[in-house]
Amino acid sequence: MIIKKTIGGVIALIIILLFGGIFYSYIEGWRFIDSLYFSAMTITTVGYGDFTPKTDIGKIFTIIFAIIGVATWLYLAAAVGKAILFKSNKNKRL
């Protein structure tokens, strides 16, 4: 169960990153790798600021993208943490 949640979180994060990469590439006119980079920096809340959306739709999308992306990232972190605790507790019982 915990492994399924972790795998689901990884898949969701990859899909969100790819969606962001495609969106920014199309709307902002960035190269796909730059769009993917911006998406990853936004989701991880690093935000170097070397890329910023210039269009209004890009800015609105970034607000929604950041909220969904950060929530997904936190879900994945929690799932990995639970998996580590489960494994640790399982080993202690043995």
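## Terms and model

A residue counts as buried under 20% relative accessible area, as exposed over 50% and as partly exposed in between, using a 1.4 Å probe and protein chains only. By this rule F51 is partly exposed, because its relative accessible area is 21%.

The structure is a predicted model, in which local features need pLDDT of at least 70 and side-chain atom pairs count only at pLDDT 80 or more, while totals for chains, interfaces and linings use all residues. Residues are numbered from 1 along each chain as its sequence is written, and side-chain values use heavy atoms, with hydrogens and water left out.

## Two packed helices

Helix α1 (residues 2-27) packs against helix α2 (residues 32-43) at an angle of about 130°, and their axes are 8 Å apart. This makes α1 oblique to α2, since angles under 35 degrees count as roughly parallel, over 145 as roughly antiparallel, 65 to 115 as roughly perpendicular and the rest as oblique.

## Aromatic pairs

Rings of Phe, Tyr and Trp (its six-membered ring) pair if their centres lie within 6.5 Å, and planes under 30 degrees apart count as stacked, over 60 as edge-to-face and the rest as tilted. The whole structure holds eleven aromatic pairs. One of them is the edge-to-face pair of Y24 and F65, with 6.0 Å centre to centre and 90° between the planes. Y24 lies in helix α1 and F65 in helix α3 (residues 56-93), so this pair ties together parts that are 41 residues apart in sequence. Y24 is buried at 0% relative accessible area, and F65 is buried at 5% relative accessibility.

Y37 and F51 also form an edge-to-face pair, with 5.9 Å centre to centre and 70° between the planes.

Notes: Axes fitted to C-alpha atoms, helices over the stretch in contact; angles between N-to-C directions. Helix = DSSP H or I, 4+ residues; strand = E, 2+ residues; numbered from the N terminus.
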